[in-house]
Amino acid sequence: FGRKSPSPHSPASIFKLHPSQNTSGTLWELFYPQLRGRIDALSSAIEAQERMLQDNRSSDAYRDLNFSVDPMARLPLELQSNIFLRCIPDSSPDNMKTKPDPNVPPMVFMAVSRMWRDIALATPRLWAALRMELLPRSENFVELCRRWMKRAGCYPLTLAFHGDLIVDRHVSDLLDEFSMQLHHLSFHVAPTAVGEDRDYGAPQVPLSLNVQFTCLESLTIHGEDKGSSDALEYVELIHAAPALLECDLRNMFFHSDDWPSMAHSSLQQLRLGCPWPWNAESCQAESSATILLHLTLSALRGLYVTEFDIKMQEFIAFLIRSSPPLDTLFISFPRYMSAQVISDCFQHIPTLTSLTLDGTYLPAITILAAYPNLLPNLHHLTIQPVFPNWHCDAMMDVLSARLLKSFRIRHAISTPDEDTIFALQAFARGHDELQLCIEYFPA
């Protein structure tokens, strides 16, 4: 087994030919061009192989191989898209979590494989909702959001803005560009710094953008805490959305009356505060009813008023001015409100079918029991007492006087006493058409 002499092109020969090993300059000059040529040839071969690999990946053969090992590749595009859509978090304005984050859907799909990326880009609904944290943002970030929304194609867009909402030029340009496609818009207002003094005379969000949201259907504006935001600066948004159907204002209060009245002929649902305050956070989600002094809403069908801080005569004036086809009312009457004043209010909403009385309810149900012709279309009555004063006799009177389809008691402190529950159950047994429900939501 004799030892073979190394080839002139072997690593050993190359090492021996290096000038640092005292090889003569003549030999180095002789073999260096060959070595250089060999390296260039290998580099060219590697590049050629990489190009072939890339071509193979896009070829039918590669797709056939992927089809055999990847279960997703065997499904129709419609099912693939549906699976991706089910991975997207809730896109409602209150719980919007979809944002430009590479670690969450749909961005995470883009990094798995070329096939997954193609599926994501071929599913416009994946990109139809976006949450933006409005800190001071660069133009690059806004451009990323612009590309995101363009991927939605013609689908209606839902945008949720969170944070200290200083709308800069880049964001206002973005809103202007997609204003015709924007159907759902929400602002969740947070202060710049904890404990910072607020100047309510200066809008936190300069929304004089000269943007018309012609297709906007729902608008949600939430303050961080009670009284944290002056709703005045947002009224322009309602005026700029002629097709608006729903408006939800929470923790919004007016600190100035210096603004003109406004009529809106499309708005059907107006929520001033959280209509179902069953936890410590949402209990504080009240909003001023002062906005009703300046609005005329001729199409209003549902109204939720959690902070009745206006005079009843002013509320009646709103009803007379608007003459709305109101069928759902959630209202919290003050304790001092007399039965006669409440009766005057009810006379102006004969179309009402569902009524929720929050807080002091005894005067209202007393009136409803005494005058059955008042609110003749009322079918659903809910009471939400603040204190466990059940007034069982008044409840039985209103149930006997009216043909209700449902009667609900909701309370966050305790359930009714045993005598009240027994009396209600006895009445329900003789009225199969009545749906009786007692709900207890501990704080």
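To begin with, how much accessible surface does the chain have, and what share of it belongs to carbon and sulfur atoms? After that, please take a close look at helix α11: at what angles does this helix pack against α12 and cross α10?

A: Happy to! Please keep in mind that this is a predicted model. The chain has an accessible surface of about 23600 Å², and carbon and sulfur atoms account for 54% of that area. Of the 443 residues, 44% are buried. The fold is built from 13 helices and 16 strands. Counting contacts between residues at least 6 apart in sequence, 73% bring together residues at least 24 apart.

Now for your helix. Helix α11 covers residues 362–370, and its partner α12 covers residues 392–401. These two helices pack at an angle of about 35°, and their axes are 8 Å apart. Their crossing is left-handed. On the α11 side, the contact is made by L362, I365, L368 and A369. On the α12 side, A394, M395, D397, V398 and A401 take part.

As a general point, an α-helix has 3.6 residues a turn, so residues three or four places apart point the same way.

Turn next to α10, which spans residues 339–346. The axes of α10 and α11 come within 9 Å and cross at roughly 65°. This crossing is right-handed, whereas that of α11 and α12 is left-handed. From α10, the residues A339, I342, S343 and F346 meet P363, A364, I367 and L368 of α11.

Follow the chain beyond α11 and you come to L375, in the loop between α11 and β14. L375 has a phi near 55°, a positive value in a residue other than glycine. L375 counts as buried because its relative accessible area is 1%, and the cut-off for that label is under 20%. S323 also has a positive phi, near 45°, and is not a glycine. S323 sits in the loop between α9 (312–322) and β12. S323, however, is exposed, with a relative accessible area of 54%.

Across the whole structure, a search finds 10 aromatic pairs. One of them is tilted: Y304 and F330, 6.4 Å centre to centre, with 35° between the planes. This pair ties together distant parts of the chain, since Y304 is in strand β11 (residues 302–305) and F330 is in strand β12 (residues 328–331), 26 residues apart. Both partners lie inside: Y304 is buried at 12% relative accessibility, and F330 is buried at 1%.

The loop between α4 (77–86) and α5 (114–121) contains P106, and the peptide bond from P105 to P106 is cis, with omega near 0°. M110 is found in that loop as well, and M110 is buried, with a relative accessible area of 14%. Setting aside neighbours within four places in sequence, M110 contacts R117, A120, L121, W127 and R151. Two of those contacts also pair up with each other: R151 lies over the face of W127, at 4.7 Å from the ring centre.

To return to your question, α11 packs against α12 at about 35° and crosses α10 at roughly 65°.

Terms used. Residues numbered from 1 in each chain as written. Predicted model: local features only at pLDDT ≥ 70, side-chain atom pairs only at ≥ 80, totals over all residues. Heavy atoms only, no water. Phe/Tyr/Trp six-rings, centres within 6.5 Å; stacked < 30°, edge-to-face > 60°. Helix = DSSP H or I, 4+ residues; strand = E, 2+ residues; numbered from the N terminus. Buried < 20%, exposed > 50% of the residue type's maximum accessible area, 1.4 Å probe, protein only. Lys NZ or Arg CZ within 6 Å of the ring centre and 35° of its normal. Contact = heavy atoms within 4.5 Å. Areas by Shrake-Rupley, 256 points an atom, 1.4 Å probe, with all protein chains shown as cover. Axes fitted to C-alpha atoms, helices over the stretch in contact; angles between N-to-C directions. Left-handed = near helix turned anticlockwise from the far one by under 90°.
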